[in-house]
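Thanks for coming. I have one model to go through today, so please look at it on the screen while I talk.

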Amino acid sequence: MNTLIALIYIGVAVLFIIGIKFLSSPKTARMGNLIAAAGMFVALLALHQPGGPSVWTHVWTFNYTLIAVGIVAGLVIGAIGAYSVKMTAMPQMVALFNGLGGGAAALVASQEFLRGAHNPDGIAALLAGAMLFATLIGSLSFTGSIIAYLKLQGKFEKPHTFPGQNFLNGVVLLVILVLGAWLTLQASGGNAVTAFAVMFLLSLFFGVAMVLPIGGADMPVVISLLNSFTGLAVAADGFAINNLAMVVAGTLVGSSGTLLTLLMCKAMNRPVTNVLFGAFGSGGGGKAAAGGVAGTVKPIQADEAALLLSYAQRVVIVPGYGMAVAQAQHQVRELSEELGKRGVEVQFAIHPVAGRMPGHMNVLLAEANVPYDQLIEMEQINPSMDRVDVCLVIGANDVVNPAAREEKTSPIYGMPVIEADRCKATIVLKRSMAAGFAGIENHLFYKDNTRMLFGDAKASLNALVAAVKAG
Amino acid sequence: MDTNILFIFILSIFVGIEVISKVPSMLHTPLMSGTNAIHGIILFGGILVLADAATPLALALGFIAVVFGSANVFGGFMVTDRMLQMFKKKKQS
């Protein structure tokens, strides 16, 4: 590697680090993304053959035509995916892109490995190990991400479990590791190619088997984990083909992604092992908690609800996934403006994991131009909840479930929730009495001071706005 | 065997952890998406492998790797930017 390339790569590493740093603060986040993208562009321009000439000044062959076609095809696919996806479907798009990256990492590693295996000298054990690692992690990230994508799309989002599942997964993983260990030492010849193919297929299967038992509500954590996995696979690939930029970028993603996964689990107050191995709602816990529901559901009509809201002094709105699905954020803003005109103090209580990705609600309400200072984080608003006249829960369920504080047997016990049940009155906008994403009954709906306004969130809000305007 | 690369690997682990140690929960998803785009650098691996591919199988697999990697890197940065556009609007209002 000549000095110029080395210096460029140092600059690229710095751009990636600054990019990630900026991404972790709201003020600079967008700039951070652009800085990282700039780093990627510079690194691409500086791409060179290992110990050889730049890729871009190489003699043009059929292979380079394929490269150009491939890049353009990927660009088009990526652009269509990124710009056509709805705001509510962003997390699954990230999962899909992550899966593609993992698949690419596995393919690159397998190419290198197969080429080495046809070579009579074989591959140095350390390099073979890196290639096998990238194959395993990349392919399980590929299939795992696709399952995560499908779950977030609403396909088989309930956890799928069967007796002996952990045992089967353990056996598969063991076989993969044994094959990997053997191949690391014996990376040459026809047997090695066969064993490698078996290992590749088992890794693809393992990705499916790993994610299938995990409930849809935990998918953001799973995607974050698979994201850091892909990072590590890319780093291992960089190691195998001796590309420093790939090692640095992949490792940064791997380590920051691991920390991010742990931070996400912390926001839900659950250890990461619980997410991965203790499928949410798969045990008897959720059903047991449902047994203790007391009280009756009291419906309310839009007119009466509007009256309650108009004559309140302080109203807190708790948005949830239902608002996102109904695309009702503009109606929510309209309602809060109408109430504001009447002198009602309106605030929004934002749960960190409301919706299906952290920050989901902030993004949607910002899109509807709700002022930033009206969005209050859970920790700030909870202490004053008993001084709230009306709490309007819009399509949120698990994040306002008092069972998280009261029921030790509940699967969500210990998760911080917005304490909507402490308000003087609560109005819940909900499509039906179906349980939330986690499949747990919500006692809030049965409390004496809770009224239910059934129907599509958007239609209900329109009715509320009309009634407040008229009243 | 170049051991410098291991040295860089270990240091990068610590930098990655250090750099995001204080991130508000509303940025978890954009941060995940942004780092997702960064590992799209696997595109480089695809390019290098495809450049040397000799057999039809190697060409096909290399081509798929390039398409996947390219979709990962371009789509990743674009979808992150779209998410973060929403945050910028908030600042203006």
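First, the conventions. This is a predicted model, in which local features need pLDDT of at least 70 and side-chain atom pairs count only at pLDDT 80 or more, while totals for chains, interfaces and linings use all residues. Residues are numbered from 1 along each chain as its sequence is written, and chains are lettered from A and ligands numbered from 1 in the order in which they are written.

Chain A to begin with. Its secondary structure consists of 18 helices and 6 strands. By helices I mean DSSP runs of H or I with at least four residues, and by strands runs of E with at least two, both numbered from the N terminus. Along the principal axes, the C-alpha atoms of chain A fill a box of roughly 85 × 50 × 35 Å. Chain A has 471 residues, and 55% of them count as buried. Buried here is 20 or more other C-beta atoms within 10 Å of the residue's own; exposed is 12 or fewer, partly exposed is in between, and the C-beta atoms are placed from the backbone. Two residues are in contact if their C-beta atoms, again placed from the backbone, lie within 7 Å. Taking the contacts in chain A with a separation of 6 or more, 79% are between residues 24 or more positions apart.

One helix of chain A deserves a word. Helix α4(A), residues 90–118, has 29 residues and reaches 42 Å from its first C-alpha to its last, close to the 42 Å expected at 1.5 Å a residue. That expected span is 1.5 Å times one less than the number of residues.

In chain A, 6 strands form an open, parallel sheet in the order β3-β2-β1-β4-β5-β6. Two strands are taken as paired if DSSP finds at least two bridges between them. At the edges are β3(A), residues 375–377, and β6(A), residues 450–454, each of which pairs on one side only. On average, neighbouring strands of this sheet are turned by 25° against each other, direction ignored. Angles in general run from 0 to 180 degrees between N-to-C directions, with axes fitted as lines to C-alpha atoms, for helices over the stretch in contact.

Take β1(A), residues 314–319. With β2(A), residues 345–350, it pairs in the parallel sense over 4 bridges, and 5 bridges join it to β4(A), also parallel. What does I317(A) pair with in β2(A)? Its bridge partner there is F348(A), and in β4(A) its partner is L392(A). R314(A) stands opposite E345(A) in β2(A). Of the 6 residues of β1(A), 5 are buried, so the strand is largely enclosed by the rest of the structure.

I427(A) stands opposite R451(A) in β6(A). Although β6(A) is an edge strand, 4 of its 5 residues are buried, so it too is largely enclosed by the rest of the structure.

Chain B next. It has 4 helices and 0 strands. The C-alpha trace of chain B spans about 55 × 30 × 15 Å along its principal axes. Its radius of gyration is 18 Å, whereas a compact globule of 93 residues would have one near 12 Å. The radius is taken over C-alpha atoms, and the globule rule is 2.2 Å times the number of residues to the power 0.38. Buried residues make up 60% of the 93 residues in chain B.

Finally, the interface. How many residues of chain B are in contact with chain A? The count is 75, against 94 residues of chain A. Helices α1 (4–19), α2 (28–38), α3 (42–52) and α4 (56–92) of chain B each supply at least two residues of that side. The largest share, 32 residues, comes from α4(B). By class, the side of chain B that touches chain A has 46 nonpolar, 22 polar and 7 charged residues. Ala, Val, Leu, Ile, Met, Phe, Trp, Tyr, Cys and Pro count as nonpolar, Asp, Glu, Lys and Arg as charged, and the others, Gly among them, as polar.

One residue as an example: L75(A), in helix α3(A), residues 62–84. L75(A) touches S70(B) and F74(B), not counting residues up to four places away in sequence. With 17 other C-beta atoms within 10 Å, L75(A) is partly exposed.
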